[in-house]
Amino acid sequence: GAAIVDADELLISDGGTIRRTDMSRVATYVGENLAEKVQTITSVTTLSDFTSGKIVLINSSGGAYKITLPAAANHEGEIVKLKKITAAASDNDITVDANGSETIDGSLSIILESPRSAVQLICDGSNWHVM
């Protein structure tokens with residue numbers, strides 16, 4: 001019933017060989033992989049370095065921003081999460097555009113207006129959909 005600490009160990013299969021590793025190595029692995037999926041945006045951008053499950057944090061205190069999603073054809077089944085991290089009601093809107101003639105739930109774009117608003121989108125290979 002004790003809390004897990006860095007020195008606690010687990011057994012893993014390393015290519016068929018059973019090895020011990022401690023939780024500090026697991027924490028490093030998780031932290032490094034999570035960092036790859038989190039991106040902070042402070043300007044107009046296209047999500048060209050897209051990774052499924054990506055979390056995009058958007059600071060709109062400096063102006064209104066537009067984010068263009070990647071082409072749907074290459075991302076079927078993939079998910080992106082967009083989060084407006086600014087809290088003031090006076091902060092600027094964030095427009096999320098589909099790529100080209102693609103849509104987001106039938107519209108060419110959606111807008112994150114409210115402070116700390118968020119949206120999670122999934123791709124069907126042709127368009128994006130709000131989850």
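Lys-66 is partly exposed, with a relative accessible area of 37%; buried means under 20%, exposed over 50% and partly exposed in between, using a 1.4 Å probe and protein chains only. This is a predicted model, in which local features need pLDDT of at least 70 and side-chain atom pairs count only at pLDDT 80 or more, while totals for chains, interfaces and linings use all residues. Residues are numbered from 1 along each chain as its sequence is written, and side-chain values use heavy atoms, with hydrogens and water left out.

**Salt bridges**

A salt bridge is a side-chain nitrogen of Lys or Arg within 4 Å of a carboxyl oxygen of Asp or Glu. By this rule the count comes to 3.

| Pair | N to O distance |
|---|---|
| Glu-9 and Arg-20 | 3.2 Å |
| Asp-14 and Arg-19 | 2.8 Å |
| Asp-97 and Lys-66 | 3.6 Å |

Strands are DSSP runs (E, at least two residues), numbered from the N terminus. Asp-97 is buried, at a relative accessible area of 17%. Leaving aside residues up to four places away in sequence, Asp-97 touches Lys-66, Ile-67, Thr-68, Leu-69, Ile-104, Leu-108 and Ser-109, where contact means heavy atoms within 4.5 Å.

The side chains of Glu-9 and Arg-20 also meet in a salt bridge. Glu-9 lies in strand S1 (residues 9–14) and Arg-20 in strand S2 (residues 17–22), so the pair ties together parts that are 11 residues apart in sequence. Arg-20 is exposed, with a relative accessible area of 63%. In the pair of Asp-14 and Arg-19, Asp-14 is partly exposed at 41% relative accessibility, and Arg-19 is partly exposed at 42%.

**Core and strand S7**

A nonpolar core is a set of buried Ala, Val, Leu, Ile, Met, Phe, Trp, Tyr and Cys residues joined through side-chain atoms within 4.5 Å. The largest one has 17 residues, and those with the most contacts inside it are Leu-82, Leu-121 and Trp-128. At least two residues of this core come from each of S5 (54–58), S6 (65–68), S7 (79–84), S8 (94–97) and S10 (118–123). The largest share, 3 residues, comes from S10.

S7 runs parallel to S5, joined by 5 bridges, and antiparallel to S10, also joined by 5 bridges. Two strands pair if DSSP finds at least two bridges between them. Val-80 in S7 is the bridge partner of Lys-54, and the bridge partner of Val-80 in S10 is Leu-121. The covered face of S7 holds Val-80, Leu-82 and Lys-84, whereas Ile-79, Lys-81 and Lys-83 form the uncovered one.

Notes: Helices (H or I, at least four residues) and strands (E, at least two) are DSSP runs, numbered from the N terminus.
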